[in-house]
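Keep the structure open while you read.

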Amino acid sequence: MPLPFRLPKPPGLKATLVAAMLLTVGTTAAIVYVPWSLVSKRNIDTIVDQVNQEITLGTSQEVEKLFNNAESAQSLLNSSLGQNLIDLTSAQDRELFLLSVLRANPNFTWVQYGDAEGDFFGAQRTADGRLHFHLRDWDGESKSTTATVNTYAIAASGLERVNTETYKMDPPFFAPERPWYRNALESPEKRAWTVYVYRSTQTPGLDATTALINPAGEIWGVIGVGIELTQLSEYLQQLQNNHSGEAFIINARQELIASTDVAEVMPPQGQDSADPRLQQLETVENPLLRIASKTLQEQGIDLEGLTDLRRFAFKDPVTGERYLISFTRLEQLDWVVGTVIPEASYLVEVNRNKRMLLGVIAIFTGLTAGVAVLMADRLIARPVLGIARTAAAIEAEKFELGQLGAIARRTDEIGQLARVFDRMAQQVYSREQKLKQQVRDLRIEIDEAKRQKQVKEIVETDFFQDLTAKAQVLRNRNSAAKPAVVEPKRA
């Protein structure tokens with residue numbers, strides 16, 4: 001019964017050989033490419049860990065340097081005041097001393113003192129490089145503050161006053177109400193560290209303060225140094241220049257201390273300027289920082305109890321992109337340095353290398369295919385087809401001796417096959433010729449037998465017998481009618 005459909009034509013020998021060679025090359029390429037691709041992707045975690053270690057170590061060293069400088073300056077202030085080297089009641093001496101300390105420490109933003117009566121004076125460095133001396137006089141009766149600001153430019157000969165400004169502060173400034181003052185009172189036996197937003201610049205700052213207590217145990221005031229933490233953000237930007245993603249510092253309450261996105265550490269617009277607060281990580285707009293906040297919430301991470309590096313992966317449900325997040329505790333205060341690194345930023349290099357490898361494989365496969373076609377055609381297909389044509393010639397009785405001479409001279413397996421086939425063809429040819437001769441001889445014998453049979457059949461007929469008898473009578477009559485011939489005798 002015929003099939004309801006036609007079976008596909010099987011591929012030819014050349015196509016089969018080329019396909020086998022390409023399959024071998026492709027399999028070899030896959031054996032090289034697939035493990036390399038998997039290993040390169042796994043190595044991304046190692047690369048990210050190295051980046052995290054670099055950022056964490058650099059940030060830790062920078063923070064430690066800031067704290068050490070603040071402690072050194074704080075010790076200098078305490079020893080100078082404790083040994084009565086500086087008279088705080090002398091406006092000129094205290095102004096010159098505080099400005100000198102600030103100028104000698106370029107990382108400091110403030111060197112300040114607030115007394116128990118509410119007055120304040122301090123030296124400040126601004127972004128334009130100038131130094132300012134602030135004197136804030138608190139009036140307890142009117143609950144107001146009169147501020148006087150002397151501005152100095154740094155010249156080759158020293159400090160040069162360039163401006164003086166006096167104004168009423170709104171809101172008023174009362175030193176004992178400031179965070180750095182209250183924290184110093186809560187730890188009178190040791191140095192207090194306070195992180196808050198500077199009212200004058202609306203930027204996060206770090207103050208190291210100490211309460212001054214007279215021999216009678218009464219508090220004179222609080223003295224300390226302040227560091228604007230935007231310099232930490234700038235340092236994080238420098239560390240992150242060679243890498244993609246975001247790096248940041250937060251405290252245990254998830255308040256943003258510093259970030260590569262400097263704008264995010266600033267208090268939100270519209271916040272009470274009299275008492276600005278640190279930016280909460282969950283309120284930022286930066287998408288990478290928001291991923292860090294989501295990770296903290298979803299994983300339930302206790303930053304205060306964090307002791308070692310913690311790594312997490314976050315996959316965006318919308319874009320499908322994967323992000324690697326890490327948190328590492330710093331030795332200072334309750335600060336934690338975090339990083340958010342898009343995996344795609346490192347896959348760019350990996351994907352580029354993949355494309356290069358695929359291109360090389362494609363070119364190699366194309367060249368291999370061309371060589372395979374050429375070799376399969378010249379070394380295999382043509383000789384095999386030649387043998388096939390010889391077989392067809394034998395079948396059609398058109399075989400000529402020596403037809404496989406070129407192929408039979410080869411030294412490989414195909415040449416051996418051609419020689420065997422050629423000998424077989426010669427034997428077939430010889431047998432065929434012999435068989436033809438035998439057939440011819442047999443035909444002759446058959447024809448002679450047929451002829452004799454036909455003659456016999458003719459001779460044995462009554463007609464032929466009667467004709468023969470009549471012929472014999474005629475021959476006899478003729479013999480009788482002839483005269484006898486006498487032959488002469490020989491001598």
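A residue counts as buried under 20% relative accessible area, as exposed over 50%, and as partly exposed in between. Arg161, at 47% relative accessibility, is therefore partly exposed. The model is predicted. The chain has 491 residues, and buried residues make up 39% of them.

**Overall picture**

- The chain holds 9 helices and 13 strands.
- Its accessible surface comes to about 29,700 Å². Carbon and sulfur atoms account for 55% of that surface.
- Take the contacts between residues at least 6 apart in sequence: 53% of them join residues at least 24 apart.

**Confidence**

- Mean pLDDT for the chain is 80. A value of 70 or more is reached by 82% of the residues.
- Strand β3 (residues 131–139) has the highest confidence, at a mean of 94.
- Helix α7 (residues 405–408) has the lowest, at a mean of 71.

**Nonpolar cores**

- In soluble globular proteins, nonpolar side chains tend to be buried together.
- The largest nonpolar core here has 46 residues. Leu77, Leu98, Val225, Leu232, Ile249 and Trp335 touch the most other members.
- Helix α1 (residues 13–82) gives the most to this core, with 10 residues.

- Helix α4 (residues 230–240) is largely enclosed by the rest of the structure, because 8 of its 11 residues are buried.
- The buried residues of α4 are Thr230, Gln231, Leu232, Ser233, Tyr235, Leu236, Leu239 and Gln240. Leu232 is also one of the residues with the most contacts to other members of the largest core.
- In helix α3 (residues 179–186), the buried residues are Pro179, Trp180, Tyr181 and Ala184.
- Strands are part of the cover over those α3 residues: β1 (110–115), β2, β6 (192–197), β7 and β8 (219–228) are included.

**Salt bridges**

- How many salt bridges does a search of the whole structure find? It finds 4. Three of them are described here, starting with Glu62 and Lys65.
- The side chains of Glu62 and Lys65 meet at 3.4 Å, N to O. About one helical turn separates the two, because they are 3 residues apart in helix α1.
- An α-helix has 3.6 residues a turn, so residues three or four places apart point the same way.
- Glu62 is buried, with a relative accessible area of 13%. Lys65 is partly exposed, at 39%.
- Arg161 and Glu95 form a salt bridge through their side chains, at 4.0 Å, N to O. This pair links distant parts of the chain, 66 residues apart. Arg161 is in strand β5 (residues 158–168), and Glu95 is in helix α2 (residues 91–104).
- Is Glu95 buried or exposed? At 12% relative accessibility, Glu95 counts as buried.
- Glu255 is buried, with a relative accessible area of 15%. Arg253 is exposed, at 51%.

**Surface patch**

- Leu185, Ile213 and Ile219 make a nonpolar surface patch of about 210 Å².
- Ile213 lies in strand β7 (residues 204–213). Its relative accessible area is 41%, so Ile213 is partly exposed.

**A loop glycine**

- Where is Gly129 found? Gly129 sits in the loop between β2 (120–125) and β3.
- Gly129 is partly exposed, at 35% relative accessibility.
- Gly129 and Ile154 are 25 residues apart in sequence. In space they are 8.0 Å apart, C-alpha to C-alpha.

Methods:
Residues numbered from 1 in each chain as written. Heavy atoms only, no water. Buried < 20%, exposed > 50% of the residue type's maximum accessible area, 1.4 Å probe, protein only. Helix = DSSP H or I, 4+ residues; strand = E, 2+ residues; numbered from the N terminus. Patch = residues over 30% accessible without salt bridge, like charges linked within 9 Å, V, L, I, M, F, W, Y side chains within 5 Å. Areas by Shrake-Rupley, 256 points an atom, 1.4 Å probe, with all protein chains shown as cover. Core = buried A, V, L, I, M, F, W, Y, C linked by side-chain atoms within 4.5 Å. Contact = heavy atoms within 4.5 Å. pLDDT = per-residue confidence, 0-100.
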